8 protein chains.
Amino acid sequence: GDFARIDHQRQQRTGFPEVIWGPGKTPQQIAEILERMRPHYPCVMATRISPEVFEVVRSRVGGLHYFEKARICSTAPILPPQFPLQVGLVCAGTADLPVAEEAAVTLQLSGFGVERFWDVGVAGIHRLLSVRDRLEEMAVLIVVAGMEGALPSVVAGLVSVPVIAVPTSIGYGANFGGLAALLTMLNSCAPGIGVVNIDNGFGAAMLVAKILRSLSQRL
Amino acid sequence: GDFARIDHQRQQRTGFPEVIWGPGKTPQQIAEILERMRPHYPCVMATRISPEVFEVVRSRVGGLHYFEKARICSTAPILPPQFPLQVGLVCAGTADLPVAEEAAVTLQLSGFGVERFWDVGVAGIHRLLSVRDRLEEMAVLIVVAGMEGALPSVVAGLVSVPVIAVPTSIGYGANFGGLAALLTMLNSCAPGIGVVNIDNGFGAAMLVAKILRSLSQRL
Amino acid sequence: GDFARIDHQRQQRTGFPEVIWGPGKTPQQIAEILERMRPHYPCVMATRISPEVFEVVRSRVGGLHYFEKARICSTAPILPPQFPLQVGLVCAGTADLPVAEEAAVTLQLSGFGVERFWDVGVAGIHRLLSVRDRLEEMAVLIVVAGMEGALPSVVAGLVSVPVIAVPTSIGYGANFGGLAALLTMLNSCAPGIGVVNIDNGFGAAMLVAKILRSLSQRL
Amino acid sequence: GDFARIDHQRQQRTGFPEVIWGPGKTPQQIAEILERMRPHYPCVMATRISPEVFEVVRSRVGGLHYFEKARICSTAPILPPQFPLQVGLVCAGTADLPVAEEAAVTLQLSGFGVERFWDVGVAGIHRLLSVRDRLEEMAVLIVVAGMEGALPSVVAGLVSVPVIAVPTSIGYGANFGGLAALLTMLNSCAPGIGVVNIDNGFGAAMLVAKILRSLSQRL
Amino acid sequence: GDFARIDHQRQQRTGFPEVIWGPGKTPQQIAEILERMRPHYPCVMATRISPEVFEVVRSRVGGLHYFEKARICSTAPILPPQFPLQVGLVCAGTADLPVAEEAAVTLQLSGFGVERFWDVGVAGIHRLLSVRDRLEEMAVLIVVAGMEGALPSVVAGLVSVPVIAVPTSIGYGANFGGLAALLTMLNSCAPGIGVVNIDNGFGAAMLVAKILRSLSQRL
Amino acid sequence: GDFARIDHQRQQRTGFPEVIWGPGKTPQQIAEILERMRPHYPCVMATRISPEVFEVVRSRVGGLHYFEKARICSTAPILPPQFPLQVGLVCAGTADLPVAEEAAVTLQLSGFGVERFWDVGVAGIHRLLSVRDRLEEMAVLIVVAGMEGALPSVVAGLVSVPVIAVPTSIGYGANFGGLAALLTMLNSCAPGIGVVNIDNGFGAAMLVAKILRSLSQRL
Amino acid sequence: GDFARIDHQRQQRTGFPEVIWGPGKTPQQIAEILERMRPHYPCVMATRISPEVFEVVRSRVGGLHYFEKARICSTAPILPPQFPLQVGLVCAGTADLPVAEEAAVTLQLSGFGVERFWDVGVAGIHRLLSVRDRLEEMAVLIVVAGMEGALPSVVAGLVSVPVIAVPTSIGYGANFGGLAALLTMLNSCAPGIGVVNIDNGFGAAMLVAKILRSLSQRL
Amino acid sequence: GDFARIDHQRQQRTGFPEVIWGPGKTPQQIAEILERMRPHYPCVMATRISPEVFEVVRSRVGGLHYFEKARICSTAPILPPQFPLQVGLVCAGTADLPVAEEAAVTLQLSGFGVERFWDVGVAGIHRLLSVRDRLEEMAVLIVVAGMEGALPSVVAGLVSVPVIAVPTSIGYGANFGGLAALLTMLNSCAPGIGVVNIDNGFGAAMLVAKILRSLSQRL
Ligand SMILES: Nc1ncnc2c1ncn2[C@@H]1O[C@H](COP(=O)(O)O)[C@@H](O)[C@H]1O
Ligand SMILES: Nc1ncnc2c1ncn2[C@@H]1O[C@H](COP(=O)(O)O)[C@@H](O)[C@H]1O
Ligand SMILES: Nc1ncnc2c1ncn2[C@@H]1O[C@H](COP(=O)(O)O)[C@@H](O)[C@H]1O
Ligand SMILES: Nc1ncnc2c1ncn2[C@@H]1O[C@H](COP(=O)(O)O)[C@@H](O)[C@H]1O
Ligand SMILES: [Mg+2]
Ligand SMILES: [Mg+2]
Ligand SMILES: [Mg+2]
Ligand SMILES: [Mg+2]
Ligand SMILES: [Mg+2]
Ligand SMILES: [Mg+2]
Ligand SMILES: [Mg+2]
Ligand SMILES: [Mg+2]
């Protein structure tokens with residue numbers, strides 16, 4: 001059990017518990033880390049957990065919650081939002097949903113309210129226009145897109161809300177594993193878009209959660 | 001004068017004269033090639049001709065026409081369109097205009113009618129929506145965009161007209177000289193977009209001209 | 001069944017039904033989407049469907065047609081062409097055939113006539129020369145090539161018909177998954193070639209179908 | 001004067017005036033656009049304006065303000081902050097200062113208070129530790145870094161404030177024009193970092209301004 | 001048995017035995033090479049040996065030692081250090097441990113003393129600060145890091161000891177298989193960092209062993 | 001004068017004198033090296049010498065020969081071929097001529113006969129077909145091409161003569177300084193093509209000269 | 001059986017039969033093509049044939065020869081050389097042997113004599129020096145190398161024989177699938193090296209065979 | 001004068017003064033920083049200083065020393081070595097000398113003895129063999145190489161001394177600004193090579209100086 005030193009001070013420093021990154025860990029290791037961390041934090045979560053891995057983890061650790069689309073398991077359920085702020089999650093394709101759900105569930109487990117805008121891609125822009133007013137009501141938007149990744153540019157040109165963009169690795173050929181979408185988002189002609197790593201729904205949620213928490217404390 | 005063998009058969013084969021590509025040629029060489037080709041073709045044009053180069057060429061060759069924004073010089077003026085088809089040229093930023101004009105003037109010198117839609121980028125999508133009906137009337141659209149290059153995707157999602165996309169090298173940083181826009185266009189989630197090389201307004205016009213000519217002959 | 005919002009307006013806007021992209025979807029999901037869309041469109045098709053996936057889909061949805069080489073399944077058969085225009089499909093290697101067939105069947109299901117020119121690569125140019133006259137009769141050519149991807153350049157230098165080029169990921173080493181062929185096609189010294197994404201036979205067909213439909217309506 | 005269509009609605013939609021991007025425009029064009037926009041907005045600014053360009057612009061347009069380190073000129077001065085929130089600007093090297101100042105002045109012209117933390121790079125981490133408490137007081141941090149771009153990771157590991165990271169093109173060799181710093185920031189092991197394009201100080205400021213404005217309205 | 005010519009002179013020339021690189025060799029080949037080399041050297045080792053491969057090798061060759069975390073098997077055990085110098089091994093994440101252990105065990109089998117500093121990444125810099133004095137006592141440091149690879153820069157800014165940096169392929173998305181960490185280390189603003197190939201813990205250990213041996217002989 | 005150690009043994013070992021590579025050397029340095037080497041070799045040559053540089057060199061060193069198109073200067077003239085073998089130089093575009101001439105003159109100064117086939121690119125394949133029989137008579141072909149670099153593939157598919165391919169940096173956009181042509185040549189579906197570095201006409205000539213010399217001695 | 005059109009004229013044009021490239025073909029397809037081609041050529045060969053694939057092919061086609069290390073199967077055995085010329089095959093690592101053997105067996109099946117120089121890498125240069133005189137006797141050298149790919153440079157600096165270099169994909173990390181070795185060979189400071197695609201032992205052999213055949217006919 | 005905060009503690013922490021990196025600084029800024037730092041350190045140096053820049057700096061700051069080949073200026077001369085250890089500097093081409101000299105002079109100003117081995121590249125390996133014994137006497141070797149960058153591999157295969165490799169940007173075409181040499185060095189099959197950034201002679205010297213200083217204190 002000495003393969004990882006738990007960073008107990010981090011929650012104090014950063015406001016969030018250390019989250020377990022699933023890939024490259026055996027279900028046994030994930031179970032053990034969950035057990036060790038659970039007593040110290042109100043909520044411990046693990047990301048990139050497939051249903052198969054979760055089955056093994058659950059057989060060793062009781063009382064876990066699993067969010068299949070988001071591939072997240074946690075020691076606590078989603079509770080009613082603790083903050084009066086809504087985060088909008090925007091996503092075009094079915095294939096991008098796991099990344100978008102990873103962001104949504106991370107935010108919900110962190111106490112924030114989330115509204116989902118699925119299947120509103122640029123290939124049929126009327127779908128996006130029809131939800132424009134609701135988008136404008138969100139405090140921050142997380143926009144998830146693969147293939148050419150144009151959605152954040154279009155959204156940022158439509159509404160005044162800040163946009164955090166998540167490129168996904170969905171695509172093929174000259175997509176180069178999400179590089180195309182990543183470059184699109186970094187080069188957006190609509191200023192005011194922050195970008196995170198390819199497929200990093202969790203990172204986008206953490207950034208937004210830090211923003212909401214920091215601003216809530218100061219306003 | 002033996003540095004280039006003129007391809008007299010090409011016009012018969014392809015329907016278009018050989019065009020002179022300016023870069024890497026001295027004004028003297030451009031002047032000499034223009035003189036040699038002029039007797040054989042109704043219209044000879046040279047591309048990527050700066051005003052400074054044109055001054056030298058004009059001092060040696062009489063009766064030339066110069067299109068400054070397009071950086072094109074030609075032995076014939078733009079005449080009224082010979083075909084009943086309109087090509088729409090769509091472009092977002094001022095900096096992309098030289099590439100868009102290269103396409104427009106090439107088409108006009110080839111006998112086609114052109115309608116220009118400038119400054120209709122995705123950072124303010126209402127401008128694009130306001131011209132949607134006119135875009136739908138075009139036979140083909142050439143969409144020119146730099147930076148993240150999202151414009152062709154959005155246009156192709158709005159109208160049923162085929163789209164030829166031209167990425168430009170406008171941008172900086174992770175734009176990598178137009179690579180970002182090129183990848184965006186190749187990965188478009190709106191199917192039915194044909195892409196040409198970065199900054200290749202001429203090539204887009206040639207493709208469209210071949211399409212219009214081929215279909216006009218067969219319909 | 002709410003994982004994808006069907007874009008019923010798209011066919012009106014773009015002239016084509018929404019096509020199902022197979023990769024990343026379970027056979028069950030594909031079957032369900034086919035069932036839901038079938039009542040609304042004369043023809044619904046799904047691409048990148050392996051024989052194994054098709055077996056499962058067929059066991060759940062009746063009356064499907066399967067085109068194995070093209071990896072396409074559809075709710076309608078190929079009917080006699082509705083347009084008086086022929087599209088030529090040109091391809092060099094056996095390994096590129098699935099991509100070429102994806103383009104061919106997509107066009108045929110869209111009502112266009114197709115002529116196939118297989119095994120006419122540049123490594124034995126006499127084979128290409130021997131079909132030159134028939135190529136010249138086509139309204140548009142789709143040229144599919146892997147490895148160094150030189151075929152579209154050579155074809156566009158031989159005939160006056162517009163060329164849509166499809167690079168494939170066939171090759172190895174410094175091919176980099178089709179990047180070599182893609183760059184070759186974008187840099188062609190024969191102007192007037194439109195390029196689509198690596199392996200995107202479907203996209204090439206959609207572009208050509210839009211071209212033929214748009215021009216047919218206007219001429 | 002018809003080379004650019006002013007987007008009068010954008011300020012309403014996005015909360016900020018359209019800013020003039022200097023590169024690729026002549027001083028005459030910049031002067032003309034400034035004149036045309038000035039009557040419509042309380043503050044119009046132009047970025048990437050060298051002292052030489054500014055001299056020409058100033059000779060044509062009266063009453064301008066110039067911020068040399070930031071390479072920004074504007075029609076209004078920096079006024080006392082209108083918001084009770086401070087943005088921390090963090091930067092390591094002298095060479096990165098123009099990018100950091102571009103962000104700082106953009107925020108100040110937008111009505112926000114800014115605190116500068118210059119010369120606090122990771123090569124001497126004690127300098128960063130000595131300002132840690134003041135960093136923790138900021139509402140948001142913009143961290144600018146070239147070369148290996150490790151500074152945002154270290155800052156995000158030290159404080160709970162959200163971090164917007166700006167890679168710069170400072171460096172040489174395997175830096176590849178800022179690519180190294182960009183990749184570092186995207187791959188940060190400290191979650192919750194939003195990244196903008198290389199050298200895009202303006203974009204970082206716009207994102208932060210949108211965040212502060214959106215949250216101020218909702219809290 | 002003639003598939004590899006043993007380089008008997010190399011040990012004399014370089015001070016180290018030829019090591020067997022496991023990947024691409026069958027367990028049978030590895031067993032045979034071990035048997036042939038064992039009589040000639042005090043210690044023969046093989047790297048990148050999975051537990052499964054080791055099982056087969058052990059069934060054919062007696063008296064082997066296996067270091068599972070390091071994925072190394074050898075014909076000799078780790079003996080007490082023969083040199084009065086300590087090498088510090090520094091590593092942030094659990095996932096980087098195999099690479100760090102490959103370096104550690106290689107050094108120990110070569111007769112050097114090693115001290116391990118695991119789980120001291122930049123996302124929680126206080127952990128690194130708390131071991132700073134012990135790091136300063138080491139003769140050389142090997143710093144192993146994946147993801148953004150910032151750890152060597154930070155360590156080199158904290159202590160005066162020379163740093164050999166090992167990027168790992170741990171990460172995803174814009175990590176590009178370790179490229180991000182590699183570029184970070186090459187561009188470090190803290191001068192005096194030597195870099196080896198991605199995941200090359202063995203190479204880092206060999207470099208350090210050569211340094212210690214060369215200097216020990218000359219001082 | 002001690003900045004370069006002349007490799008007197010190389011001519012014996014390799015059959016060719018050491019050639020001076022011009023870039024990065026001052027005209028004075030080039031003149032001095034020429035003077036020092038001239039007594040030892042029948043022919044010393046320098047490559048990448050612009051007319052301006054040659055003027056300075058000639059003012060210091062007497063009896064030099066200059067080949068302007070090839071950008072080569074030498075201490076000996078081109079003499080009648082000493083070998084009964086002809087090398088064919090094939091080239092498509094005017095812009096590629098300097099690279100092709102560098103190869104041609106290097107071969108001629110090395111005593112080989114050269115036949116030039118200029119302006120025979122793939123955009124008009126009939127020009128290539130019309131010289132096919134003469135190409136077949138050559139002992140070896142050097143094929144120089146920029147842009148998409150398809151020429152060597154087509155030539156190697158037409159004739160049985162071995163082909164050495166030289167990509168050039170001529171092109172723009174997605175050409176990436178000759179990378180597109182280089183990849184095309186490496187991936188050729190016509191087997192039996194050897195490739196040299198971008199713009200390396202000299203290297204191609206050296207390879208061919210070594211081939212001809214080696215085979216002449218052994219046959 | 002109509003999936004590939006046999007290029008009967010190619011042998012006349014190029015001097016060699018069409019070879020079957022195994023990857024992407026089923027054993028059944030390979031068997032069928034072998035059967036169809038065998039009556040027309042003295043020797044038909046297929047490359048990249050694993051032992052498992054060969055078992056199936058052999059069960060359907062009689063009288064085949066299999067060269068396991070080279071992964072080649074053929075309809076004819078290796079016969080005594082028909083030419084008085086020797087080709088030297090040079091290779092450093094065990095892992096590169098399949099590529100080197102592919103080249104060797106292709107040459108032997110084409111009637112040429114081959115001498116193998118295995119395990120002579122740059123990491124122990126004395127091994128290479130000890131075979132230098134025998135290398136100098138070869139007509140042409142094929143040098144195969146993975147990892148950093150320095151071997152061809154060193155060989156070309158040692159002997160006057162022309163060198164054809166084959167990079168392999170052996171390596172890891174910053175090797176990028178053979179890219180490192182490929183770039184090394186293209187940039188060699190020893191002029192006169194021709195390079196083929198990564199892992200393309202077959203292509204190197206074809207180039208050398210064409211060279212030997214062409215020169216033998218002309219000298 | 002407040003544009004840079006001097007890191008007075010760094011010398012204590014790292015054993016070396018802060019060095020001024022010339023690029024991007026005006027001669028005036030360099031002069032001012034030199035003046036400010038000089039009172040605090042026995043030796044302050046500035047790198048990448050061209051003769052033209054030095055002329056301006058010298059006119060403002062007295063008593064400076066300039067090393068033209070190394071492009072370094074300093075406030076102290078090179079003194080006799082203070083350590084009983086020699087560092088060997090190995091370099092192949094004239095064009096790489098500035099980088100090699102940057103390393104050499106940095107070491108000499110730091111009190112170490114240096115021996116230069118210039119013009120010993122792999123294209124004529126006998127020159128390297130003739131200095132092998134003297135190379136073996138060095139404590140550490142710094143090997144500088146451009147183009148294909150094979151020299152460090154060969155040197156590390158010849159001697160037992162540790163090698164620090166410096167790739168340079170010398171080359172063209174597929175060299176990609178030093179990337180080819182960098183990858184070669186990182187992938188070396190001779191283990192025990194540490195690599196620094198392209199052209200970073202200073203960084204290599206700093207690493208070696210830290211190694212010598214650390215080991216001298218501990219042995
Ligand atoms: N083979 C294909 N290649 C590229 N795009 C495709 C292909 N097949 C379908 N598509 C596109 O993918 C979209 C359907 O994606 P989805 O909603 O995920 O099924 C359709 O609108 C098509 O435009
Ligand atoms: N883990 C490793 N990483 C890098 N190089 C290694 C590793 N293990 C062994 N080597 C090198 O690979 C060589 C052995 O290769 P081989 O002869 O194929 O077994 C040895 O000389 C080592 O220098
Ligand atoms: N190992 C190989 N590497 C590269 N090209 C090959 C190889 N084997 C066969 N080829 C080429 O592939 C062509 C056959 O492809 P196919 O018609 O698909 O069997 C032949 O003409 C050969 O030139
Ligand atoms: N030639 C050089 N190559 C790489 N780094 C250098 C070089 N010269 C100076 N440096 C580093 O750059 C830092 C100084 O940067 P600055 O504060 O901008 O002058 C010093 O701490 C050195 O570590
Ligand atoms: Mg959809
Ligand atoms: Mg605008
Ligand atoms: Mg074939
Ligand atoms: Mg500093
Ligand atoms: Mg941890
Ligand atoms: Mg021409
Ligand atoms: Mg070996
Ligand atoms: Mg030399």
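## Basis of the model

In this predicted model, local features need pLDDT of at least 70 and side-chain atom pairs count only at pLDDT 80 or more, while totals for chains, interfaces and linings use all residues. Residues are numbered from 1 along each chain as its sequence is written, chains are lettered from A and ligands numbered from 1 in the order in which they are written, and side-chain values use heavy atoms, with hydrogens and water left out.

## The interface of chains A and D

Chain A puts 42 residues in contact with 42 residues of chain D, where contact means heavy atoms within 4.5 Å. About 3,300 Å² is buried between chain A and chain D, and carbon and sulfur atoms give 62% of that area. Buried area is the accessible area (1.4 Å probe) that two parts lose on being put together, summed over both. Across this interface the rule finds 13 residue pairs in polar contact, both residues being at pLDDT 80 or more. A polar contact is a pair of N or O atoms within 3.5 Å; within protein, one must be able to donate a hydrogen and the other to accept it, and residues adjacent in sequence count only if both atoms are side-chain atoms.

Several elements of chain A give two or more residues to the side that touches chain D, among them helix H1 (8–14), strand S8 (163–167) and helix H9 (201–218). Helices (H or I, at least four residues) and strands (E, at least two) are DSSP runs, numbered from the N terminus. H9(A) supplies the largest share of this side, eleven residues. By class, the side of chain A that touches chain D has 25 nonpolar, eleven polar and six charged residues. Ala, Val, Leu, Ile, Met, Phe, Trp, Tyr, Cys and Pro count as nonpolar, Asp, Glu, Lys and Arg as charged, and the others, Gly among them, as polar.

## Chain pairs without contact

Chain D and chain G are not joined by any contact, and their closest C-alpha atoms lie 13 Å apart. For chain C and chain H there is likewise no contact, with the closest C-alpha atoms 13 Å apart.

## The site of ligand 2

Ligand 2 lies between chains E, G and H. Of the 13 residues around ligand 2, those that come nearest include E:Trp21, E:Thr47 and G:Tyr172; a residue is near if one of its heavy atoms lies within 4 Å of the molecule. The shell has six nonpolar, two polar and five charged residues.

A nitrogen atom of ligand 2 is 2.6 Å from an N or O atom in the side chain of E:Thr47. For the side chain of E:Asn200 the corresponding distance is 3.3 Å. Taken alone, ligand 2 exposes 500 Å², and the protein buries 84% of that. Accessible areas come from the Shrake-Rupley method with a 1.4 Å probe; for residues, only the protein chains shown count as cover.

## The site of ligand 3

Residues from chains C, F and G surround ligand 3, so the site is shared between chains. An oxygen atom of ligand 3 is 3.0 Å from a polar backbone atom of G:Trp21, and a polar side-chain atom of G:Asn200 lies 3.2 Å from a nitrogen atom of the ligand. The protein covers 83% of the 500 Å² of accessible area that ligand 3 has on its own.

## Salt bridges

The structure holds 48 salt bridges over all chains, each being a side-chain nitrogen of Lys or Arg within 4 Å of a carboxyl oxygen of Asp or Glu.
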